[in-house]
Amino acid sequence: MNNALTAPSLRGAFGSVFKIGAAITPRMIFDSDYRALICRHFSSVTAENDMKPERLLDREATLKKGDFLRPVLNFALADKMLAFARENQIAVRFHTLVWHNQTPRWFFAENWDAAPDAPLATPDTLLARLEAYIQIVMEHVNSAFPGTVYAWDVVNEAIEPDQGAPGCYRTKSLWYQVLGESFVPAAFQAARKHQAPGQKLFYNDFSTFVPEKKEALTALLRKLRDENLVDGMGMQAHLQWDNLDAAACERAARAFSDLGLTLHITEMDIHCPFRDEAHQARLAQCYRDYFDMLLRLKRDGYDVESVSFWGVTDADTWLTYFRKEGSWPLLFTGNKDVKPAFDAVLEAAKSMH
Ligand code: GLA
């Protein structure tokens with residue numbers, strides 16, 4: 001098999017069509033083979049975890065400072081990743097400022113209390129914390145690494161039709177429980193204040209192709225767009241080899257883009273629990289169909305700006321853990337060889353030129 005370090009470069013193949021990216025971890029940037037692979041193939045990176053609130057928030061330092069509205073953040077690892085990207089001319093998607101998950105409960109609680117049943121902060125307090133958090137992160141990143149971040153995932157996963165709320169908001173989110181739906185525009189307003197020129201603000205979510213969710217997302221995005229708060233929609237694209245409906249994804253992509261928004265595919269992987277040749281050939285076909293769909297959108301003039309995989313090789317996929325079974329969902333094997341899925345994506349890229 002062809003090794004990823006000598007195979008044709010994906011970022012070269014896509015050229016100016018769109019950025020091609022991957023979610024990466026700190027371990028990868030301390031490993032010379034991973035560094036070489038990432039630099040060869042990707043023009044965009046996302047931190048898989050290290051720019052999420054739970055990784056940045058430092059409770060001990062926050063308590064020590066004793067300010068109940070402004071938390072203290074620790075950027076040590078995030079900075080290493082930003083520095084790696086900057087050194088190698090790779091652009092960064094910052095993921096993510098506001099999310100119900102991977103944000104510690106104490107951030108929502110009165111007096112930063114970490115007890116599991118601690119009373120939640122008042123809406124005014126949480127709103128002030130949200131604004132302070134966004135300000136601290138964006139000011140730090142934009143002053144220490146100017147020009148490195150091109151997209152901010154401002155709000156992740158606020159919509160969940162299964163929870164039955166008006167507007168399909170995710171009622172189990174502590175953001176929603178304290179602030180109601182207002183936390184979404186409030187987050188975008190804060191991000192607008194602190195964005196640097198050239199940066200775009202994104203709303204990001206999964207299963208965006210499910211009709212009911214697509215409708216709710218379109219309604220939310222329209223509201224945000226009418227207030228000039230959002231620039232782009234991030235479609236996560238955690239898909240599956242045996243039921244990938246590229247036509248449904250295309251309908252959703254067109255609906256979001258028709259609002260005048262930039263489109264990013266932010267977290268693509270296609271779960272496949274079989275590594276044999278026949279299944280991996282099917283996986284390759286799924287990738288080809290999906291990329292052909294994106295390239296069709298490009299040809300039709302839609303602003304598809306960036307496509308990112310969620311992970312680099314099959315050895316680092318989150319799916320093994322999440323699905324509780326093996327998964328071989330990406331373009332490179334754990335040995336950093338290219339897979340048929342890589343060839344399929346490369347062929348799709350060539351068809352654009
Ligand atoms: C969601 C989040 C990502 C990541 C994946 C699973 O899609 O947006 O940050 O946590 O789940 O790895």
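The ligand sits in the largest pocket. A pocket here is an open set of points on a 1 Å grid over the protein atoms alone, with protein on both sides within 12 Å along at least five of seven lines. A molecule sits in a pocket if more than half of its atoms lie within 2 Å of the pocket's grid points. The model is predicted: local features need pLDDT of at least 70, side-chain atom pairs count only at pLDDT 80 or more, and totals for chains, interfaces and linings use all residues. Residues are numbered from 1 along each chain as its sequence is written, and side-chain values use heavy atoms, with hydrogens and water left out.

The residues around the ligand (a heavy atom within 4 Å) include Trp99, Asn156, Gln236, Trp310 and Trp318. The shell divides into three nonpolar, five polar and three charged residues. The distance is 2.8 Å for Lys52. For His95 it is 2.5 Å. For Glu267 it is 2.4 Å. Taken alone, the ligand exposes 300 Å², and the protein buries 89% of that (Shrake-Rupley method, 1.4 Å probe).

The whole structure holds zero disulfides (cysteine sulfur pairs within 2.5 Å). Cys168 is in no disulfide; the nearest cysteine sulfur, that of Cys249, is 19 Å away. Cys168 is buried (under 20% relative accessible area), at 14%.

Conventions: A polar contact is a pair of N or O atoms within 3.5 Å; within protein, one must be able to donate a hydrogen and the other to accept it, and residues adjacent in sequence count only if both atoms are side-chain atoms. On a 1 Å grid over the protein atoms alone, a cavity is a set of points where a 1.4 Å probe fits but cannot get out, and a pocket is an open set with protein on both sides within 12 Å along at least five of seven lines; lining residues have an atom within 4 Å of a point. Ala, Val, Leu, Ile, Met, Phe, Trp, Tyr, Cys and Pro count as nonpolar, Asp, Glu, Lys and Arg as charged, and the others, Gly among them, as polar. Buried means under 20% relative accessible area, exposed over 50%, partly exposed in between (1.4 Å probe, protein chains only).
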